[in-house]
Amino acid sequence: MTTEDREIRNGRRTAREARTEARTAVEPGRRRVLGGVLAAGGAAAGAVLLTSCYIPSEDPPPAGGSGGGTPQDPGGAGQDTGTDPADGSGGSDSGDSGGGQAAAPQGDPLVSSDEVPAGGGVVLAGQEIVVTRDDSGTVRAFSAICTHAGCLVGSVSNGTISCPCHGSTFDAGTGSPVSGPAGSPLSPVAVQETDGGVYPA
């Protein structure tokens, strides 16, 4: 081998070694850069994963209250108690007061109180009503049409209503038949005695 060949070979070896040294010097830096990029990417992905998997431990309390309950209306404001503070009536109907007393009579009385004696009565032919009063003073009224043949009863005395047609008699306090052919009682008529008169109830 000539001297020239040796120099060429040595030159090639020297160039190859130089390239190897340069590659060796560059590789650690490249690894460090790649590792940094991978590390940054992994941290970001981990943050995204943690964010997407976050579940609140409990729901936030509702606005305007605490403890999950419905906000209370202080003082019961807005509730309808049915009471008018202006008159203190408490929502009651004044028409029901007075323990169920009868309403005031309307119109003219059927008969004056002094026309109905105790133990007797009066026959009102126009209204076909007989009004009686017992010994205790209680006033009652019945249909004046006899239940036997439809005649108008004629009189009231000694607690008895008498029919002149066939002799039927009725109890002046109950209207029940006492004697004669009539077998059914006289129908009652509702009345009330007030202000010196007997009125339809």
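Predicted model: local features only at pLDDT ≥ 70, side-chain atom pairs only at ≥ 80, totals over all residues.
User: Which cysteine sulfur is closest to that of Cys 146, and how far away is it?
Analyst: A disulfide requires two cysteine sulfur atoms within 2.5 Å. The closest cysteine sulfur to that of Cys 146 is too far for a bond. Cys 163, which is buried with a relative accessible area of 6%, is in no disulfide. The closest sulfur belongs to Cys 163, at 3.8 Å.

User: Which cysteines form the disulfide, and how far apart are their sulfur atoms?
Analyst: A search of the whole structure finds one disulfide. The pair links distant parts of the chain, 14 residues apart, with one cysteine in the loop between β4 and β5 and the other in the loop between β6 (160–162) and β7 (169–171). The partners are Cys 151 and Cys 165, with sulfur atoms 2.1 Å apart.

User: Is the disulfide of Cys 151 and Cys 165 left-handed or right-handed?
Analyst: Cys 151 counts as buried at 19% relative accessibility, whereas Cys 165 counts as partly exposed at 37%. The torsion about the S-S bond is about -110°, so the disulfide is left-handed.

User: Where is Leu 152 found, and what separates its C-alpha atom from that of Ala 125?
Analyst: Leu 152 is found in the loop between β4 (139–143) and β5 (155–157), and is partly exposed with a relative accessible area of 32%. Leaving aside neighbours within four places in sequence, Leu 152 is in contact with Val 123, Ala 125, Glu 128, Ala 144, Ile 145 and Pro 164. Ala 125 and Leu 152 are 27 residues apart along the chain, and their C-alpha atoms are separated by 7.5 Å.

User: How many salt bridges are there?
Analyst: Side chains of opposite charge can pair when their charged atoms come close. The rule applied here asks for a side-chain nitrogen of Lys or Arg within 4 Å of a carboxyl oxygen of Asp or Glu. Arg 140 and Asp 134 form such a bridge, with their closest N and O atoms 2.9 Å apart. By this rule the count is two.

User: Which residue forms a salt bridge with Arg 133?
Analyst: Arg 133 is buried, with a relative accessible area of 13%. In this salt bridge the N to O distance is 2.9 Å. Arg 133 lies in strand β3 (residues 129–133) and its partner in strand β10 (residues 191–194), so the pair ties together parts that are 60 residues apart in sequence. The partner, partly exposed at 34%, is Glu 193.

User: What is the order of the strands in the open sheet?
Analyst: The edge strands, β1 (111–112) and β10, each pair on one side only. β1 pairs with β11 (residues 197–200) in the antiparallel sense over two bridges, and Ser 112 has Gly 197 as its bridge partner in β11. The three strands of the open sheet therefore follow the order β1-β11-β10.

User: Which backbone nitrogen does the side chain of Ser 113 reach?
Analyst: Ser 113 is found in the loop between β1 and β2 (121–124), and at 15% relative accessibility it counts as buried. At a distance of 3.2 Å, the side chain of Ser 113 reaches the backbone nitrogen of Gly 197.

Notes: Residues numbered from 1 in each chain as written. Heavy atoms only, no water. Helix = DSSP H or I, 4+ residues; strand = E, 2+ residues; numbered from the N terminus. Buried < 20%, exposed > 50% of the residue type's maximum accessible area, 1.4 Å probe, protein only. Polar contact = N/O pair within 3.5 Å; in protein donor to acceptor, adjacent residues only side chain to side chain. Contact = heavy atoms within 4.5 Å.
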